[in-house]
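Trainee: I'd like to learn how to read a protein model from the ground up. Could you walk me through one?

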Amino acid sequence: MTCSTHSDRIIERVYVRGIFELTSPCIIGSGENDRADVDVVRDGKGRPYIPGTSLAGALRNFLESRQGTDDEKVQLMFGRRKDKYHDTTQSRLYVSDACMDEGQDCSRMTTVRDGVRLDLDTKTAQKHKKFDYEVVEPGAKFVLKLELVLREKDQNRVKQLEKMLFLILDAMIHQQISVGAKKRRGFGRGKLHSLEILRLDFCENQKQRDYVQQWLEFDWNSFKGNIELEQLDHTDVDLNRFPAAKKTCRLKVPLKLAYSLMIRNYRGLSPDRDADYAHLCSKENPVIPGTSWAGAFRHRMYRIVFHLFRSKGLEPAICDKYAQNILTDLFGEVVEKEKKAKASRIWFSESVIENGQMIEQSRIKVDRFTGGVVNGALFQEIPVYGGTTDLEIMIEARTEEELQEDLGLLVLALKDLMAGYLAVGGETNIGKGIFSGDKILVYMQEKESLLDEAMEQQYFRALSRKIHRMANGIQS
């Protein structure tokens with residue numbers, strides 16, 4: 001490029017359009033509560049959409065996780081606020097609202113889920129902790145529209161900007177970017193496809209007139225791309241799926257449902273079934289939300305850490321305090337009164353149960369004194385019986401040693417799950433929610449390996465060192 005006029009002159013525009021299709025439920029709250037405690041945001045026609053601000057935040061957060069929050073290239077792409085060292089700059093990347101693709105039945109794309117926060121000891125609902133929220137179902141398609149505007153003052157950084165655009169689009173194609181709330185519990189995942197990229201280089205003398213004409217006549221609904229994704233500059237781009245600055249590990253555990261499972265859903269029941277509630281489904285497929293996995297694992301991992309501290313001779317109150325600290329660091333927390341939040345370092349994906357059967361059954365509550373049915377205590381439920389599923393978990397750690405400590409604790413909990421000692425969902429006191437499994441797959445930088453005894457012992461020793469170190473610090 002050899003343009004030589006005012007530094008704000010536009011020298012290149014890159015238009016991107018594609019379909020962002022949800023592969024898991026998505027929560028993008030509107031602040032309204034007409035349908036649930038948290039309603040999905042809708043446009044003037046009543047259709048769910050993804051606001052450009054939400055998308056831009058997700059894209060910027062992805063780049064920051066790879067480059068660093070204060071990275072100059074990220075600020076070049078998305079702009080920065082004025083401080084004592086820099087002036088305010090605007091974003092080079094324009095992100096439009098992602099509206100629903102035409103032809104979809106919007107009424108079938110949203111549903112309301114029930115949520116509850118359980119007491120860790122009694123496994124009953126905490127007072128005032130029952131809530132519901134609306135989600136956009138998997139399969140919903142949104143039209144992604146991005147525009148990268150490069151000016152003459154960016155002439156020497158065009159390659160940097162194109163590399164970041166390439167990174168963003170490649171990440172969305174490979175489902176590395178999630179949008180909305182509860183992303184670390186499996187919500188908001190999607191994949192990008194049907195990609196069209198139009199690059200208009202106003203400094204290319206032979207085609208300058210044609211490119212200007214295309215810009216003047218540009219229409220988001222009808223334009224055709226003139227380059228493929230790989231034609232954006234991506235030399236020396238690290239396509240590692242996980243941030244290099246963090247130690248990351250992903251686990252996959254194939255599981256078989258030993259008997260039945262019940263995660264209650266009171267809404268959207270089939271009109272031909274006279275049931276009071278049924279197991280939670282998404283697009284008619286029984287699922288286990290990431291929130292249910294996280295609740296079950298947090299409780300079991302707390303008990304494990306508590307008893308490890310007790311084995312060091314510490315008092316129960318001390319054991320509880322330090323066990324809570326470890327679990328808070330791993331699972332995060334929200335302190336509503338202080339308006340503080342800490343993100344979870346452990347991610348749980350939503351699991352779909354394959355080949356399970358939804359069977360309606362009757363239950364009663366028996367009066368223990370008379371042996372008869374309690375008046376009004378006959379109800380119908382629809383649990384899911386049998387089937388298989390995959391539990392997928394990802395852990396982010398700050399150091400290699402911390403990652404091994406976390407894995408040691410997680411593997412202990414997974415062994416309880418696979419042996420049938422850790423139940424998931426409701427009605428576990430009557431045998432529901434029990435799984436079996438015989439292997440754990442470990443992915444380090446996308447390299448798959450089967451967890452063996454040597455790896456287990458390595459992780460367990462790291463956890464033991466951590467408990468020993470903390471216990472000695474407490475006693476001293």
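This is a predicted model: local features need pLDDT of at least 70, side-chain atom pairs count only at pLDDT 80 or more; totals for chains, interfaces and linings use all residues.

Mentor: Let's go through the chain as a whole, then its cores, then some of its strands.

Trainee: Fine. How many helices and strands does the protein chain have?

Mentor: Eight helices and 26 strands. Along the principal axes, the C-alpha atoms fill a box of roughly 90 × 65 × 45 Å.

Trainee: What share of the residues is buried?

Mentor: Of the 476 residues in the chain, 46% are buried, and that label is given to a residue with under 20% relative accessible area. The accessible surface comes to about 24900 Å², with carbon and sulfur atoms holding 46% of that surface.

Trainee: And the charges: how many positive and negative side chains are there?

Mentor: There are 72 positive and 71 negative ones, and the centres of the two sets lie 4 Å apart.

Trainee: Now the inside. Which residues have the most contacts within the largest nonpolar core?

Mentor: A nonpolar core is a set of buried nonpolar residues joined through side-chain atoms within 4.5 Å. The largest one here has 56 residues, and Trp293, Phe297, Leu391, Leu414 and Leu417 have the most contacts inside it. Elements giving two or more residues to this core include β9 (247–257), β23 (388–397), α7 (400–418) and α8 (453–475). The top contributor is α5, with ten residues.

Trainee: Let me zoom in on one residue. What does Leu414 touch?

Mentor: Leaving out residues up to four places away in sequence, Leu414 touches Leu251, Val253, Phe297, Leu391, Ile393 and Ile440. There is also a second, separate core of 52 residues, with Ile28, Val74, Leu148 and Val237 among its members.

Trainee: On to sheets. In what order do the strands of the open four-stranded sheet come?

Mentor: As a general idea, strands of a sheet pair through backbone hydrogen bonds, either parallel or antiparallel. In this open sheet the order is β11-β12-β21-β20, and the pairing is mixed.

Trainee: Why is one side of β11 and of β20 left without a neighbour in the sheet?

Mentor: Because β11 (264–265) and β20 (361–366) stand at the edges, each with a single partner strand.

Trainee: Where do I see the mixed pairing?

Mentor: Look at β21 (residues 373–382). It pairs with β12 (residues 277–279) in the parallel sense over two bridges, and Ala278 has Ile382 of β21 as its bridge partner. By contrast, β20 and β21 run antiparallel and are joined by five bridges, with Gln361 partnered by Glu381 in β21. The β20–β21 hairpin has six residues between the strands, and there Gly371 takes a positive phi near 80 degrees.

Trainee: Which residue of β7 stands opposite Ile10?

Mentor: Arg151. That pair goes with β1 (residues 10–22), which pairs with β7 in the antiparallel sense over eleven bridges. Strand β3 (residues 93–95) also runs antiparallel to β7, joined by three bridges, and Val95 stands opposite Leu146. Strand β4 (residues 98–100) pairs with β7 in the antiparallel sense over two bridges, and Met100 has Phe142 as its bridge partner there.

Notes. Residues are numbered from 1 along each chain as its sequence is written. Side-chain values use heavy atoms; hydrogens and water are left out. Buried means under 20% relative accessible area, exposed over 50%, partly exposed in between (1.4 Å probe, protein chains only). Accessible areas come from the Shrake-Rupley method with a 1.4 Å probe; for residues, only the protein chains shown count as cover. Lys and Arg count as positive and Asp and Glu as negative; His and the chain ends are not counted. The place of a charge is taken as NZ of Lys, CZ of Arg, CG of Asp or CD of Glu. Contact means heavy atoms within 4.5 Å. Two strands pair if DSSP finds at least two bridges between them.
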